[in-house]
Structure formats: C-alpha cells, structure tokens
Amino acid sequence: MIKRVHFPASPLPYLLVAPQIVITIVFFLWPAGQAFYQSFHIEDAFGLGSEFVWFENFEVLFTDPLYLATFWRTILFSALVAVVSMGTSLVLAAFADRVIRGATFYRTLLIWPYAIAPVLAGAIWSFMFHPTLGIFPYFLEMAGIDWNHYMSGNQAMALVVLAASWKQIAYNFLFYLAGMQAIPKSVIEAAAIDGAGPVYRFRTIILPLLSPTTFFLLIINAVYAFFDTFGIIHAVTKGGPASSTTTLVYKVFTDGFIGLDLGGSAAQSIVLMVMVIALTVFQFRYIERKVEY
Amino acid sequence: MSKIKFDYVRKSYGPNEVIHGINGTIEDGEFVVIVGPSGCGKSTLLRMVAGLETITGGEIKIGEKVVNKLEPAKRSIAMVFQNYALYPHMTVFENMSYGLKIRKVPKAEIKRRVEETAEILELTPYLKRSPRELSGGQRQRVAMGRAIVREPEVFLFDEPLSNLDAKLRVQMRLEIKKLQERLGITSIYVTHDQVEAMTLGHRLMVLNGGNVEQFGTPIDIYLKPETLFVATFIGSPAMNILDGRLSDDGTAAILTTGEAIQLAKPLLSHKGQAIKLGMRPEHLIRCDADKALLYLNADVVEQLGADTILHANLGGSGETVIARIDGVVPAASGERFSFTIEPENLHVFDSDKGKRIN
Amino acid sequence: MVENRPFLDFVTHLVLIVGILLVALPIWIMFVASTHDAVRMAHVPLPLLPGGQFWENLRLTFFGNGLKGSETAAVWQLMLNSFIMAMMISIGKISISILSAYAIVYFRFPLRMTFFWMIFITLMLPVEVRIVPTFEVVANLGMLNSYWGLSVPLIASATATFMFRQVFLTIPDELLESARIDGAGPMRFFFDMLLPLSRTNIAALFVIVFIYGWNQYLWPLLVTTDQSMGTIVISIKQMLEAETGSPQWNVIMMTALLAMLPPVAVVIGMQKFFVKGLTETEK
C-alpha cells in the first residue's frame, strides 16, 4: 500500500495531491454535501428560505407510486440490458475463443461500438425504428406488427434496451474473451481427454470458471444501465411515453432541472448514491480486487 | 575508502525492536559478510548503513563521519540489490551513468569512467542494450558496474547472487571476490548462503534475532563456534548436537545413552552440569567396534559419490546423528556403525545459555 | 482448439461473422443515410444501399450550421469544442491522478489516508448523482459556457488514481532506493523513472478518458447554453428535436458519423492500449 522507503518529510506531497483534492472537494464533496443537506429540507414556494423536515422528502419519495414504479422499472431495465448484452457477448466470446488465427480481427470488429456516445446510439436506433420512416418498422409492418415506440411503452422499453445493450456488447465481449483466454489450456485439454465435447466443456468447465467475470460484469452492467444510459433514453424516448422509460437518473434530471423540485431531486440523488455505494462495496467485497486498502 | 564503525546500533519499528545494539568495526578495505537466517536483521543493518532505513539508536560511522542523518546519496556508498534494481527504461550506459549525471560529473569524465568499468566487467559490447535484453549474469554485472563507477568508499551487497542459477552463482562469486581484492574497497555483503559466507569475506558476522552471535574469520567461526546457534548455522550438513552432562571430574562428556567421551581438556568449572555436545558430521570417523565412542544405527543412507551421508540414530536414545564418510560406503538401513572422534573436534556448550564452554 | 472439428469451425466463423454484421448494421444504416439527399431520406422505404450524396452532405454538414432550424453552431466548431473538452479532460485527469498517486504511494505524510479516502469516495459519486448541486457550484463559479466548466468537474477520478497507484506499487522498491543512492530527489525520480515507466499506462488511460470525455452528454447539455460552446454529441440531440419539423436524416446521420469518428478511430488505432486501459481501470 505504501513503499518501504519514502522521501524525507517536506511540503511536496501536499502540493502533489492538491489539484485532485481541491477538485474533489469543490465538485464532488461539496455538491454531495449540498444534495445531502437539501434532501432534508423543503424550499418555500419563492425559493427564499428552506425548512428542515427530517425525512419528509424521503417519505414522499417512497410513498410516491410514480417513484416506486420508476425504481422497479430501473431494476427491470438494468436486468434486461445485462441479460441481452452479456448473453450475446458470452456467445460471441465463446466462439471467438475457439478461433486461433484472426481472433484479433474479430475482436477489432466487435469492440468499436464501445466508442460510440450513448446519445449517438440512441439517435441511430431511433432512426432505424422511426415509426414512419424507419427501416425496421417497414419490415415489421410486413410481418403484421405495428411499431410505434412513441405510443407503446413496451416497444419504447424494448428499443431502449436494444440500443443500450448494443453499445455494451463490446465491453462485455472483451472481458469474457479475456476471462476465457485466462483459463489454462491444460484444464480444457484435460476435460477433452476425459471425453467432454466442446459444448459440454463450455457448460461444465468454462462457464463455472468464468463466474467471477460474470459477477463482475453484472455489477458493471448494472452501473452502466443506471447511469450511462441517460443519453440513450434522452435521445430515443425522453423517458416516455407516459414515463414508461424513465429511469432513476432520468427522473433526477427531470425533477431537478425541469420540475425544479430541489428537495425531492436531492433526496433522489441520495437514494442513488446509496445504491452506488452498495454496488461499489459489493464489488469490492466479493470480487478479488487488486486494490487493497 | 574508509572503515565502518557500528556503535550500539539499534532499530525498532514502533515498539518492536529488531536490532538490539550492534557493535563492531569493519576495517578499511575489509570485506565483511553478514550472514543469518531470514528475519535476523541482516538486510536491515545493511540498509541502515545505506541510509534506506532510519537508525533508531546508536551510531554508524563511515570513516570519521557519523552518517545517521545523512541522505543515502551523501554517504559515498554504492549498493547492489538482490533484484539488481536496474532502471528498466534506460540502456546499460544510462544505468551506469545516472548517478554521475545527477552529481553533474562532466560528460567526458562520465564516459571515461563508464567505459573503464565496462571493460573490467566485460560489458563493453552491451552498453547500448536495455536491461531486458541481458541475461541474469549480465544484469548482475551491470548492477555491480553501476556501483563501481560511482567510486564509492563502501560497497554494499544485498544478497546479490540469490537470483542466479547455481552455476552462474559460483562464477559470479569468484568474480566479486577478485573484484573486491582488486579495488580494495570496504565492502559489506549480506547473504544467507553458507558457501558465500564461508568463501567471500575476510570476516564473517553471524546475526541472529537482531544480535551478533559471532564476528570473526570464517575458519575461526567454523572451528570454534561461540554459540549453539553459530554451531548449527554454519556448516552443512549441520553440526550434530547431543544432550549430555559433564562427568563429576569434568574430564568427559557423558551422553544420555551412557557413553563417556573424553574431552581434550577437563572443564573444571562446569563439573557435573548438563551440556550440549556438538560434533560435526565430517569429524566422525569410522572405527572398529572395540575402539568406538559412538554406535549409530543407520536410518537413511545417501550416496553422494564423493562421500556418503549417514542419517542414523544414537543407539536406542532416539537422538539423530548425521555422519559424513568419505567415499562410497555400501550400507543398508538398520545397519550398525561404530564411530570415534578426535577430542579437539568436540564442541561443548552450556545447556541453558548455549554458550561455548570448552 | 483442442480437437479438430471442421463443422464446428465453420459454425464458429459463421456465428462471429453474423455477430459482426449485427453489431455493424446500425452503423451501415447510418452511413447509408448520410449518402442520400434529404428528399430521398423522407420517403419509405428508406434505402439500404449508399447513394451519391456523401461528399455533398459532408460539405453541408461540416461547414454549415448543421440542420436547418436546429440553430446549432457549425459542425466543425462543435467538433473542435468536443476535441478541446476531451483533451482537457484527458490531460487534466491523467496529470492530477498521476501526481496524487505518486504522493500517496511514495510519501508518508499526515492526512495521507484522509486524502486517499477522499479520492476513494469520488468512485461513488458519478456526475449523474450529484448533477443538480454540481451545476449550481459551476454556475456560482461563473464557469458556465466555458471549456473549464465543461472539463474541470469531470477530471477528478478515483479509478485513474488507483490505476497509477497500482502501477507504482508494482514498481520494485529497490528502484527508488537505487535512485536515491544515485542522488535523485523526488521530482527527479518522478520524471526520470515513474513517468517513463508508466508510459503505456498513460496511453491506455488516455484512450479510455478521451472516449469518456468526447462522449460526455448530460454535463455539456447543462453547462452550455451558448450554442458556440456546444459539443458535437449534444448537437445530435438538438437536431433530433428539430427533426420533428423538417426531416433531414441525411444531415443528422452525417453529423452522427462525424461525431463517432474520432473516438472510434482512437479505439481501433490504439486497440492494444484500449484493451489494456479497460481492463486496468475497471478491474
């Protein structure tokens, strides 16, 4: 954690950490503190004064059916993104792992969606599924399906999940492939000598050995779906129709910047913070981290 | 070149003292090896000389100067590390010249010194290479070269050969010895290796648990170990230690099995007391049964070709004894052997304190 | 491959190629859209093969004000803003993290652990979580509509600091000891040893942070009200909103194409560093 030998005491280390610490305090800790403070206060109608209200903001939040619905919707959304994206990546990685020559070629062609901004992903997918112009609705109509994600909540959700999963495939693929390549060849060979075929080997050897990767990716995907999909939702559905694609982060944004409900928005921020902390702690505790304290 | 003086040197980490007051002087130009088991404080002591660990008590002097508070760079020492600590992103030349560059030695002078040193160490063809392109032995030489170009007053070696394979280790050991003799620079060499300890230095400091057990020439330490620890630590296979007591007149050691072994000189001050009797495996001599002082029952016989190592038990007592017999000795487990030993090769230690008494 | 199964090999390549095509399909559709004129892009069914308007669209988009009616700044201006923001975030993040990691690993000083934990906590405070109060801070500091306001609040990062800390911890202690015996002071050691030895990690981090910076959305959306300070990424959204009036998907998709080009080029061009960066910052 710290080197055996150090430089003699001097003010230098303070100068070295100063930039990061100052930025952390000004843009992280102070705003977080503000959010914390505001979450226990209600501003009066004119924004002139505020009153300390204990947990009222939180009570309001957790008795608000809209908020609770958003909460569960976010969970569902995360789960869908994780399953779709990780599932696809796992299959692709399993096959890519078999390829000896050309693995890098395939990898190159699979990883670049990582670099696309969420809002761009949203724009592209909403273009492809544009109810009147889009290519997919055109084909879907031929199959007798009427597509309009501006009208149907389920279709909107499906589209957002697709766009979000598509962008995340690259990431999951890389980690699954790395995980598979880290499995010693001798283990696979031993299983083959024991008479296990490729599919059986995958199910009984590779998959169990990949479980730390899977677990790690689950958390990363949850965080991704929680926080990094704002741009996608904003571009594709704006949380609609009728809030059917509003996630927790999206709601913080709309309540805070459009609804201007500071206390409520702050309380939501605090709830999110607790969730991030829980996920981080979870990740640190149950995954073998290289970071030690 | 200067001498090094330890004056009641101590080191503690918090409340935990690991070096308990070491005294001793290393003469100008002398090569001293510090040996001891892991955790004995030998590396810590060396690092205190280097200035990489603070000195929590006592004084270290290099030449006439107390160096306790001096920065490592100001102590005019050079150190060779176990893992060489070469700067991986620099060429051999840059590695060797780095310290000189910081000292603002003129470029031409740096070049001259590096090239001279490279010549001595046969590194000239490799000056432009990076450390990762070198073999283990070459890296080792670069580490030494880096120390030599500095023209320090003291060389410090921290187990410099332990990362090499056995063959290279022998070769580098000889090179270090020759080099030290040639340069005549005061050197401290830390190792846990028996052979390096015995062969390299003029004098040997045996450390155990933060204390000096013995400080003397290697042969003295082999022939007259001052403590039980030194007796068993130096020498391979280790010295046999048997329980026993002195006879009432102090002239003989009596083993638990009843054999009485005559000592070279009577130990009048310890008459009748419990002792530990030490015998080196190579000092046990086979003899006819009627002249034997010891009877050993073989457990395992290891044939090494040049000699035979006999792991045996002392007739019925359960105490194990190792004997080293010259040449090939056909033997089977369970076979009985008779041994004798010259009285001057007996080591008698006080049973409580482990101090030598003969 | 453990055994020789030609059929399985065939399936393997088939699945991978289908996978690649599926992943690439949206980009293909985007590309096709950027090669047709506005009229063609307004009637069903939309083309699936490229047309001849690519260069014309590129010229219109890159030097024009983007979409008619969207009131965004010229696309080259937006891309320049994005580039400056991404570079400021990358350089800023790398600089402050490597310095603080250096202090935390190589010095023992009072409050060291406090600083460590302060940095650690930022791991749990993504900008989305503290968005409203952070916006207020930036507004109060008068940093709205400036490059500083766009980048500085995003440059503190626990992951980057931890990555450098990890790198430094794997550098043998003896290197520092040896350098100290050679007479190197703290800053000299930093510039002569640590910086060159962290080169590949810096490159890896740069790739990740550049993409992160370039792709920022919510934050620039809030702190830039002045169109000339906008970024290319947020302009897409503004164009989408304008689209309901006058569909110009060719321009929107050309802008999207331009917006994704720099980060995609970085990922593909620096693939080795990208993979290293991902696995080392996140794990």
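Student: Before we dig in, what does "partly exposed" mean here?
Tutor: Buried means under 20% relative accessible area and exposed means over 50%, with partly exposed in between. Keep in mind that this is a predicted model.

Student: Got it. So is C:D9 buried, exposed or partly exposed?
Tutor: C:D9 comes out at 21% relative accessibility, so it counts as partly exposed.

Student: Which side chain does C:D9 meet in a salt bridge?
Tutor: That would be A:R98, at 3.2 Å from N to O. C:D9 sits in helix 1 (residues 6–33) of chain C and A:R98 in helix 3 (residues 65–98) of chain A, so this pair joins two chains. As for A:R98, its relative accessible area is 14%, which means it is buried.

Student: Nice. Switching to chain B, what does B:R203 pair with?
Tutor: B:R203 forms a salt bridge with B:E30, and their closest N and O atoms are 2.5 Å apart. B:R203 belongs to strand 9 (residues 203–208) and B:E30 to the loop between strand 2 (16–26) and strand 3 (31–35), so the bridge ties together parts 173 residues apart in sequence.

Student: And is B:E30 buried or exposed?
Tutor: Buried, because its relative accessibility is 10%.

Student: Where do C:D192 and C:R188 lie?
Tutor: Both are in helix 9 (residues 186–197) of chain C, 4 residues apart, or about one turn of the helix.

Note on methods. Residues numbered from 1 in each chain as written. Chains lettered and ligands numbered in written order. Predicted model: local features only at pLDDT ≥ 70, side-chain atom pairs only at ≥ 80, totals over all residues. Heavy atoms only, no water. Salt bridge = Lys/Arg side-chain N within 4 Å of Asp/Glu carboxyl O. Buried < 20%, exposed > 50% of the residue type's maximum accessible area, 1.4 Å probe, protein only.
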